[in-house]
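Here are my notes from going through this one.

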Amino acid sequence: MKTTHRVYFEDSERMPALPAGSVDLIVTSPPYPMIEMWDGLFTRLSPAARDALHQQQGFAAFDAMHRVLDPVWEEAHRVLRPGGFACINIGDATRTIGDAFMLYPNHSRILTRCIALGFTPLPAILWRKQTNSPNKFMGSGMLPAGAYVTLEHELVLVLRKGPKREFTHPKEKQLRRESAIFWEERNLWYSDVWFDLKGTRQGLEKGEPRRRSGAFPFELAYRLISMFSAKGDTVLDPFLGTGTTLKAAAAAARNSIGFEIEPDFAESVFHRIREIVGFANERVRSRIDGHIDFIRQCRDTGRTLKHVNRRYNFPVVTRQETELFLNLLTDVRIQEKHGFEVSYSDSAGPVSDLPAVSPAGNLPPKPNHQLELFAR
Ligand SMILES: C[S@@+](CC[C@H](N)C(=O)[O-])C[C@H]1O[C@@H](n2cnc3c(N)ncnc32)[C@H](O)[C@@H]1O
């Protein structure tokens, strides 16, 4: 199995390289209107935003900045297949312009626009980003009634183009079954509040560049891709930044395409891409290890798992997980500035050597080989 990952250093307002309906999933995060780090970009693209900021007209600036993003949402709708999802990570902004401190509700502005374009809104994910900054509380302190609630979350808007996607062809159905997620992952990932993304940021990007680029955590993109697409699908990020979506797509055995208006980001996108094989395989292993821990907990509490996964030969909770298979990456070939291609192993590798598991779902008695095999 192979996947391809293409990068265009172009404005995504128009994506002529992409035919209508050619993308299966969009995962993205635009520059956030009214957050100061993006003022330079918006004022360069919109004289109206520049004038409004200059004249300290907060809502006019907010509106002008969103008018820069609007054509990208329209183009995103065109290139998305019927039944395809769009996941848009966006935070609201608080800002004082002149004397007026207020909230600029980016998420509701984008949602309203996307609904007008024909997207179906679905329940969103609240990404809780707790801050420990001593200055996090704003306003009159302990004295009512002039203190403000602190913004400690962002959202991932979840939208779909039209009705549910159909999986009709046998090959499509098979890839969908292989793309299943573990029952215990489902319970976390499909919750509408995500608290636990902090510990999963490490890897290809380190803290400082991440903060300056507005990059989202690898895990955020990896989960969304795993939840809303199948292996072999094509994922688009029209606001690519450092390329997190491409790396997560590669790790999840999906193809991907990114558009980025700033050619300077090429270095970040291709930075350490050679390490994607080891990095992505770590994530695959951590999912398997997580499942093995879950099986142990079940065993310790006397819970019986009824089904057995055919590829790994370990117990799973539901029949839907019996063909789940996470391909390990074997190689990456880079075409500098244009993209990269990833090859995968189609066999379960050392996992197939695992001792058989009884249909009752109990792990074999000691020694327990699973973790050692994965650690190789
Ligand atoms: C919030 S950042 C995305 C960060 C990305 N999710 C990551 O993990 O690195 C938004 C990016 O969109 C880019 N951008 C803004 N407007 C654009 C446009 N019209 N077309 C393509 N890229 C654009 C910006 O240069 C910036 O890199």
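Predicted model: local features only at pLDDT ≥ 70, side-chain atom pairs only at ≥ 80, totals over all residues.

1. The ligand site. The ligand has 24 residues around it, and the closest are Asp11, Ser12, Thr242, Thr244 and Glu260. If you sort that shell by class, you get 12 nonpolar, eight polar and four charged residues.

2. A polar side-chain atom of Glu260 sits 2.6 Å from a ligand oxygen. How much of the ligand's area does the protein bury? Taken alone the ligand exposes 600 Å², and 98% of that is buried by the protein.

3. Thr242 and its partner. Thr242, one of the closest residues to the ligand, belongs to the loop that runs between β11 (234–237) and α9 (244–251). Is Thr242 buried or exposed? Its relative accessibility is 3%, so it counts as buried, the cut-off being under 20%. The side chain of Thr242 also makes a polar contact, at 3.3 Å, with the side chain of Thr244, which is itself among the residues closest to the ligand.

4. Helix α9. How many of the eight residues in α9 are buried? Eight of eight, so the helix is mostly covered, going by the under 20% cut-off. Just after α9, Ala253 has a positive phi of about 65 degrees.

5. Helix α3. This helix covers residues 58–79, 22 residues in total. At 1.5 Å a residue it should span 32 Å, and the C-alpha atoms at its ends are 33 Å apart, so the two figures agree. Even so, α3 has a bend of about 30 degrees at Val68, with a proline, Pro71, following within four residues.

6. Met34 is not a glycine, yet its phi is positive at about 70 degrees. Met34 lies in the loop between β2 (23–28) and α1 (39–45), and with 1% relative accessibility it counts as buried. Asn313 also has a positive phi, near 60 degrees; it is placed in the loop between β13 (307–308) and β14 (315–316). Asn313 is partly exposed, at a relative accessible area of 25%.

7. The cis peptide. Which two residues does the cis peptide bond join? Pro144 and Ala145, with omega at about 0 degrees. Ala145 is in the loop between β7 (138–139) and β8 (147–148).

8. Phe195. This phenylalanine lies in the loop between β10 (193–194) and α7 (207–213). Why does Phe195 count as exposed? Because its relative accessible area is 60%, and the cut-off for exposed is over 50%. The C-alpha atom of Phe195 is 5.3 Å from that of Arg128, although the two residues are 67 apart along the chain.

Terms used. Residues numbered from 1 in each chain as written. Heavy atoms only, no water. Helix = DSSP H or I, 4+ residues; strand = E, 2+ residues; numbered from the N terminus. Buried < 20%, exposed > 50% of the residue type's maximum accessible area, 1.4 Å probe, protein only. Near = heavy atom within 4 Å. Polar contact = N/O pair within 3.5 Å; in protein donor to acceptor, adjacent residues only side chain to side chain. Areas by Shrake-Rupley, 256 points an atom, 1.4 Å probe, with all protein chains shown as cover. Nonpolar A, V, L, I, M, F, W, Y, C, P; charged D, E, K, R; others polar. Expected span 1.5 Å × (residues − 1). Bend = angle between axes of the 7 residues up to and from the residue.
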